[in-house]
Amino acid sequence: ITLTISAINGCMDTGALNFDAVATVDDGTCEYPCETGLTLVMNDLYGDGWNGNELIINDVSYTLDGINDDGEAATVCVDVDPAACIAFGWTTGSWITETSWSLLDSSASLVAEGGAGSVPDAIGDCAYGCTDEAYAEYDANADVDDGSCATLLCTGDIVTLNLIDSYGDGWNGGVITVNGTDYTIDAGDAASFELCVDLAGSTDV
């Protein structure tokens with residue numbers, strides 16, 4: 001009887017993020033938490049990238065695109081102060097249920113996580129207020145919008161743009177552009193926006 005044992009390549013450092021308990025040969029692929037800021041680990045269940053889905057952290061987008069990564073997983077450093085305000089958002093693409101992510105500190109402790117488009121509320125020392133400069137209530141010191149924007153600053157006509165999605169899963173990356181600004185439904189079956197336009201002139205759609 002001939003018994004052949006094949007080497008299993010992988011990361012053998014138990015302190016690494018991608019430690020492989022069955023590996024017999026360390027192949028140099030170990031990944032470690034970022035020394036500063038936070039570490040974002042993104043995964044895709046099918047391995048074909050996030051298909052237009054994006055995680056937003058403090059207005060910066062992160063995704064798996066299959067170009068800058070292998071489409072299945074990626075670990076990147078997030079340049080934020082862990083003690084300051086960290087706000088999350090999500091841009092919806094296709095096959096959202098395949099996506100998952102986790103955010104770690106420098107000791108690899110979990111800070112936040114999500115999957116299938118879920119994001120937590122803002123964490124850390126956050127200032128809340130109106131973050132849209134187009135409104136009279138705009139607060140330049142606000143980190144997170146609290147829904148207090150009420151008075152649209154407009155020298156023309158204020159109209160309401162109502163968007164509908166019959167399937168109820170957002171527009172999956174689709175947008176409508178009005179006067180150079182894109183509008184979409186990130187998730188759900190409807191969204192409404194106030195627009196300032198000149199009804200006496202022309203409006204580009």
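C154 sits partly exposed in this predicted model, with a relative accessible area of 24%. Its disulfide partner is C196, which is also partly exposed, at 34%. That bond is one of five disulfides in the protein, and the chain around them is built with 15 strands and zero helices.

**The C154–C196 link**
- The two sulfur atoms are 2.0 Å apart, and with 80° about the S-S bond the link is right-handed.
- C154 lies in the loop between strand 11 (144-145) and strand 12 (157-164), while C196 belongs to strand 15 (residues 190-197), so the bond ties together parts that are 42 residues apart in sequence.

**The C85–C126 link**
- Here the S to S distance is 2.1 Å, and the torsion about the S-S bond is about 95°, so this one is right-handed.
- This pair links distant parts of the chain, 41 residues apart: C85 is in the loop between strand 6 (73-78) and strand 7 (88-91), and C126 is in the loop between strand 9 (110-115) and strand 10 (128-129).
- C85 is buried, with a relative accessible area of 10%, and C126 is buried at 16%.

**The C11–C30 link**
- C11 and C30 are joined with 2.0 Å from S to S, and 105° about the S-S bond makes the link right-handed.
- C11 sits in the loop between strand 1 (9-10) and strand 2 (25-26), and C30 in the loop between strand 2 and strand 3 (38-44), so the bond connects parts 19 residues apart in sequence.
- C11 counts as buried at 1% relative accessibility, and C30 is buried too, at 18%.

**Pairing order**
- Number the bonded cysteines along the sequence and the pattern reads 1-2, 3-4, 5-6, 7-8, 9-10.
- As a reminder, a disulfide is a covalent bond between the sulfur atoms of two cysteines.

**Overall shape and packing**
- Taken along the principal axes, the C-alpha atoms fill a box of roughly 90 × 35 × 25 Å.
- Of the 205 residues, 30% count as buried.
- Among contacts with a separation of 6 or more, 47% come from residues 24 or more positions apart.
- The accessible surface comes to about 12,200 Å², and carbon and sulfur atoms make up 49% of it.

Definitions and conventions: Residues are numbered from 1 along each chain as its sequence is written. This is a predicted model: local features need pLDDT of at least 70, side-chain atom pairs count only at pLDDT 80 or more; totals for chains, interfaces and linings use all residues. Side-chain values use heavy atoms; hydrogens and water are left out. Helices (H or I, at least four residues) and strands (E, at least two) are DSSP runs, numbered from the N terminus. Buried means under 20% relative accessible area, exposed over 50%, partly exposed in between (1.4 Å probe, protein chains only). Contact means heavy atoms within 4.5 Å. Accessible areas come from the Shrake-Rupley method with a 1.4 Å probe; for residues, only the protein chains shown count as cover. A disulfide is a pair of cysteine sulfur atoms within 2.5 Å.
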